[in-house]
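Here is a short note for a colleague opening this entry for the first time. Please read it with the structure on screen.

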Amino acid sequence: MPHERKLRIKTLAMVFLLVLCANAGDLLLKHGMTQVGAVELSAAGLAHAFVQTVVNPTIWLAILFLSGFMFSYMTAVSWADYSYVMPAGAFGYAAFTFFAMIFLGEHVSPRRWAGVALICFGVLLVGQTKPRTTESAAQPQPAGGALP
Amino acid sequence: MIHARSAILLGVLIFSSTGGEISITHGMKKVGEPERLRPRALLAFLWRALQSGWFWAGVPLLAISFYSLLVLLSWEPASLVIPASAFNYVVGTLGAKYLLGEQVSAGRWAGVLLVCAGVLLVTAG
């Protein structure tokens, strides 16, 4: 299998895992925050919300999934471009809108669905580009970046 | 339409999450990819990653974005908040090009712009 094709499949598989964890985490987070209630922007309100979120098991389950998201993200960007992984993960927004409608009972307008379709088309375009345009640590350092 | 306070917090969310992700990405590139996608190699990779200064520079920024997201989710519907935070894509792509030195082709830019057009529709929906 050509190297670039193998790299693309490996990257997209990791992006799929990343999206799965992120969506599960976001849904659980929304569910947990609904249990906590609206947060007031005052010292007492923030302190109260902090305590409520820390003792909420749904929030902890959400954090577990979001940690899975973080680890798969770190793994993916260790070999692939940030500007590839980040937009490729956007198909999760389409899935999230769908899940929010089904599981959270939120109304989704036709215009919002059209937006979701555009996002998916954009993600497909990004998916066709080269997954890596810089080199990793084992190879020469990338040129042109501002970070040391 | 979203409230002004939500729009401001959305800005905080976008810049902190993009800054954090770029910092962590730079750290992971310096750490190098796992030798294999097996538990032992992944644990070794995680251990190396946790020793990266760039990783720890990104964590507080992501913590700020996480708490901003928690507050936003308590104010606005999830199907509005989550897609709206996709403005990350433009800021992130600019950061990838100028800070990380990635080559962003015309095709990749076109994809990112389509994503943004989609986001505008979603947030106006």
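**Notes on chain B and its partner**

1. Start at one residue. Leaving aside residues up to four places away in sequence, Ser68(B) touches Leu9(B), Val12(B), Leu13(B) and Ser16(B). Touching, or contact, has a cut-off: the C-beta atoms of the two residues, placed from the backbone, lie within 7 Å. Ser68(B) sits in helix α3 of chain B. Helices are DSSP runs of H or I with at least four residues, strands are runs of E with at least two, and both are numbered from the N terminus.

2. Is Ser68(B) buried or exposed? Ser68(B) counts as buried because it has 21 C-beta neighbours inside 10 Å. The cut-offs are 20 or more other C-beta atoms within 10 Å for buried, 12 or fewer for exposed, and partly exposed in between, with C-beta atoms placed from the backbone. Cys116(B) lies 48 residues from Ser68(B) along the chain, and their C-alpha atoms are separated by 21 Å.

3. A word on the model. It is predicted: local features need pLDDT of at least 70, side-chain atom pairs count only at pLDDT 80 or more, and totals for chains, interfaces and linings use all residues. Residues are numbered from 1 along each chain as its sequence is written, while chains are lettered from A and ligands numbered from 1 in the order in which they are written.

4. Confidence comes next. pLDDT is the predictor's confidence in each residue, from 0 to 100. Chain B has a mean of 88, and 92% of its residues reach 70 or more. Within chain B, α2(B) is highest at 93 and α4(B) is lowest at a mean of 70. Where pLDDT is low, the predicted coordinates should not be read in detail. The model scores ipTM 0.85 and pTM 0.79.

5. Now the overall build of chain B. It has 6 helices and 0 strands. The C-alpha trace spans about 45 × 35 × 25 Å along its principal axes. Of the 125 residues in chain B, 50% count as buried. Among contacts in chain B with a separation of 6 or more, 78% join residues 24 or more positions apart.

6. Look at α1(B) against α3(B). Their axes come within 7 Å and cross at roughly 150°. The pair is therefore roughly antiparallel; the cut-offs are under 35 degrees for roughly parallel, over 145 for roughly antiparallel, 65 to 115 for roughly perpendicular, and oblique for the rest. The contact of α1(B) with α3(B) divides into 15 nonpolar, 11 polar and 2 charged residues.

7. What does chain B show to chain A? 53 residues of chain B are in contact with 53 residues of chain A. On the chain B side, α6(B) gives the largest share, 13 residues. That side divides into 32 nonpolar, 15 polar and 6 charged residues.

8. From α3(A), the contact uses Met74(A), Val77(A) and Ser78(A). From α1(B) come Ile24(B), Thr25(B), Met28(B), Lys29(B) and Val31(B). By class, this contact has 5 nonpolar, 2 polar and 1 charged residues.

Technical notes:
Nonpolar A, V, L, I, M, F, W, Y, C, P; charged D, E, K, R; others polar. Axes fitted to C-alpha atoms, helices over the stretch in contact; angles between N-to-C directions.
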